[in-house]
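Dear colleague,

I am handing over the structure below, followed by notes on what was found in it. Please read the notes with the coordinates open beside them.

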Amino acid sequence: MYESLLNFPGGLFADFDRLQRELQQAFGAVGQPSSIRAVASGTFPSINVGSTPGSVEIYAFAPGIDPSKLDVQIDRGVLTLSGERPSALPSGDERQAVYASERFSGRFRRTVSLPEDIDPDRVTANYRDGVLHISVSRRESAQPKRVEIK
Amino acid sequence: MNDKQEVTKAERQSDTPALLPRVDVFEDGTGITLLADLPGVAKDKLTLRVEGDTLQLEGEISPETPANMEAVYAELHLPRYRRAFTLSSELDTDKVNAQFKDGVLTLRIPKHAHAQPRKIEVKIV
């Protein structure tokens, strides 16, 4: 009855996009060599990593999570974030019909290998607009220094 | 002339590549609930539009990044989300309720009062 609600414009390409996402999730990316800890994209949460001369910046796109239930750990250069996202779907009520259930629910755990020059004691993490931003500082000794010429 | 320009501009805007946000959609007797994951979108960067029977949601991702940061690895590689839905006539688009918290948009689209299920009492005479 409400199929029309899910029939979005540009549906063909959007469907391909989703198909590709699901295939990647099922089989992993094929071809190029990747990090031994690499995971297929499409897993929750999505992660972007950036680098500055003084720090490593990790962004985990994890919307709708109570920050106090997020667990972030750094152990021997591997950053692990884990937590749980409850399902938003109604349960057990027969009078409700579910038309789309694409959002992730359940327990999740993701790891990121950090470069060797990071300082595990200087880490900040904050959660805003559904994005967990973790900033790991690099060790002072590893940062580029200007040598003064006398 | 002016109108035409505006149309082409609007078209171009909807042509820019965007991520498809993941959604949950479910319906009960009084309306439809839609949840959409839009992490990284600030409240003022989210737009919801109802045009005719189309509901479009669009959000721009604006993370606070240090100025001299280079991307090393990215799973989210586009700065915006966009998705549109076609609504049916029994949904009351004037009474859409939207909440946006921690990157999750919750939309409640009620049905028109006349489209809601009514219980008819049978009187025994």
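Across the interface of chain A and chain B the rule finds five salt bridges, a salt bridge being a side-chain nitrogen of Lys or Arg within 4 Å of a carboxyl oxygen of Asp or Glu. Among them is the one in which the side chains of Arg103(A) and Asp24(B) meet, at 3.3 Å from N to O.

Before the rest, a word on conventions. This is a predicted model, in which local features need pLDDT of at least 70 and side-chain atom pairs count only at pLDDT 80 or more, while totals for chains, interfaces and linings use all residues. Residues are numbered from 1 along each chain as its sequence is written, chains are lettered from A and ligands numbered from 1 in the order in which they are written, and side-chain values use heavy atoms, with hydrogens and water left out.

As to the extent of the interface, 53 residues of chain A are in contact (heavy atoms within 4.5 Å) with 45 residues of chain B. The two chains bury about 4,100 Å² between them, 53% of it on carbon and sulfur atoms; buried area here is the accessible area (1.4 Å probe) that two parts lose on being put together, summed over both.

The rule also finds 21 residue pairs in polar contact across this interface, both residues at pLDDT 80 or more; such a contact is a pair of N or O atoms within 3.5 Å, where within protein one must be able to donate a hydrogen and the other to accept it, and residues adjacent in sequence count only if both atoms are side-chain atoms. On the side of chain A that touches chain B, at least two residues each come from several elements, including α1 (11-27), β1 (46-52) and β5 (97-101), where helices (H or I, at least four residues) and strands (E, at least two) are DSSP runs numbered from the N terminus. The largest share of that side, seven residues, is supplied by β1(A).

The chains are also joined through strands: β5(A) pairs with β1 of chain B (residues 23-28) in the antiparallel sense over four bridges, pairing requiring that DSSP find at least two bridges between the strands. Within this pairing, Val25(B) in β1(B) is the bridge partner of Ala100(A).

Within chain B, β7 (residues 97-101) and β8 (residues 104-110) pair in the antiparallel sense over five bridges, and Lys101(B) stands opposite Val104(B) in β8(B). Their hairpin has two residues between the strands, and Asp102(B) takes a positive phi near 50° there.

With best regards
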